[in-house]
Amino acid sequence: RTEILEYTNTTLTKMAYGGIYDQVRGGFSRYSVDTKWHVPHFEKMLYDNGQLTSLYAQAYAQSKNPLYKKIVEETIAFVTSELMDENNAFYSSLDADSHTKEGELEEGAYYVWTKEELKKLLKTDFDIFQDYFNINSYGLWEHNNYVLIRDKSDAEIAEKHKISEQQLIQKIDACRTELKKEQKNRERPRLDDKILTSWNGLMLKGLVDAYRYLGNESYLELALKNADFIKRELIQKDFSVYRNHKNGKSNINGFLEDYASVIDAYIALYQVTFDESWLNIAKKLNDYCLDNFYDIESKMFFFTSKNDEFVIRRTLETTDNVIPSSNSIMAKNMFLLSKYFTKEGYSEKASQMVKNMQDNFYKSGQSHANWMQLVLDQNNPFYEVAVVGDDYKGKATEIMKTYLPNAIFAGTSKESKLELLENRHSPDETLIYVCQHGSCKLPQTEVKKALEQLEN
């Protein structure tokens, strides 16, 4: 476990330090084109930034590394300022190319800097900025342009320049502000203003995770506005969904990935709001998929609905890629929904889907990572946590700041028809029930003792 954590934290730190991360404006590019993760393909995609927001928020909860918190905050700031429309929906991407001052279309033109530009803009702070972001042979790209890249911690740079880390951060932030001002004089990369349901679901999940682990109320407010947009504009009365929204109109029947990512996000949103309407919509979307996408023969979900025209055959998407496969997300969704709705047969369906795929795990584990997370949840202890009483939100929020990937949460002040919450209300106190498969340990009133039950 220690080795895996070290590997994960090294990877996350190097990504945050690398040119793949926009060191001035926040947000991640699609991928790097070199071995040191210096030069990215400069296109910024919503699906990457949604998933990486979730990942860094979870990593912050586990490690309390302030770098991860900073990455979450800056990535959300980038998405909201550059990929969000007036209805709190999210556009798809920013292009890699933009015009140089000479009028030539060039990849990365908006994001790269010459040493002369930086000296002129940053003046006396150039020396410290140069060390921080490697304006040297390590950071040089091509045509005398530098892609900003880090390879040292704040502590190392601060010590070299004989200042405190706080002073260093203030100086670097001031430099970044100057560079942002200068970028206003540059042509912005072109925007792909399609609003895709599946990618909005991924970003919504990112916002929910950011709120859960960082506690910033503005992230929850934004998540609720985005969730409302999806409900209002993209989900129809029969719980079919549209794929696309542009210029005020929704069209194209949704694919399985559109349902899968929204269900996942709504289950997560329920767990930070305890508003059962989100959980109920997730269930209805899931049931729509069972009625219209599920294949009785293979016991998997087709990528397209039975209501859509298809030319030769309907495909089954099962391989996890830059986005997990729609079938793996659906299997995880049904595993989670089975904890809230035990009589629907969701758990059995999820287990069958895993059995269908397990031979592939040995052949190509990297292409089935999301499936194997579900295997861990199925085979290791997985908890249902019910918090019931007047202070249910406060106590649940406190517990959920801890990184607990192997638990789901339900909460109410008094009574609820959810099985996890039924007949658990005590008029005089707020009780925390830690359960497995519906069998509960002794209820607790203190968060600390409930966490001890979860860690045993």
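Tyr266 touches Leu204, Ala227, Ile230, Lys231, Ile235, Trp278, Ile281 and Ala282, leaving out residues up to four places away in sequence; contact means heavy atoms within 4.5 Å. The model is predicted: local features need pLDDT of at least 70, side-chain atom pairs count only at pLDDT 80 or more, and totals for chains, interfaces and linings use all residues. Residues are numbered from 1 along each chain as its sequence is written, and side-chain values use heavy atoms, with hydrogens and water left out.

The largest nonpolar core has 128 residues, and Tyr266 is among those that touch the most other members, together with Tyr56, Tyr270, Phe301, Tyr340, Ile399 and Leu454. A nonpolar core is a set of buried Ala, Val, Leu, Ile, Met, Phe, Trp, Tyr and Cys residues joined through side-chain atoms within 4.5 Å. Buried means under 20% relative accessible area, exposed over 50%, and partly exposed in between (1.4 Å probe, protein chains only). Helix α10 (residues 256-273) gives this core its largest share, 12 residues. Another core, of 19 residues, lies apart from it and includes Leu121, Ile135, Tyr146 and Leu148. In soluble globular proteins, nonpolar side chains tend to be buried together.

## The chain as a whole

The chain has 16 helices and 18 strands; helices (H or I, at least four residues) and strands (E, at least two) are DSSP runs, numbered from the N terminus. Its radius of gyration is 24 Å, close to the 23 Å that the globule rule gives for 456 residues, so the chain is as compact as a globular protein of that length. The radius is taken over C-alpha atoms, and the rule is 2.2 Å times the number of residues to the power 0.38.

Of the 456 residues, 54% are buried. Among contacts with a separation of 6 or more, 64% are between residues 24 or more positions apart.

## Asp320

Asp320 is in the loop between β14 (300-301) and α12 (326-340). Asp320 is buried but has no salt bridge, and Lys332, the nearest side chain of opposite charge, is 8.1 Å away. A salt bridge is a side-chain nitrogen of Lys or Arg within 4 Å of a carboxyl oxygen of Asp or Glu; Lys and Arg count as positive and Asp and Glu as negative, while His and the chain ends are not counted. The side chain of Asp320 reaches the backbone nitrogen of Asn370 at 2.8 Å.

Note on methods:
A polar contact is a pair of N or O atoms within 3.5 Å; within protein, one must be able to donate a hydrogen and the other to accept it, and residues adjacent in sequence count only if both atoms are side-chain atoms.
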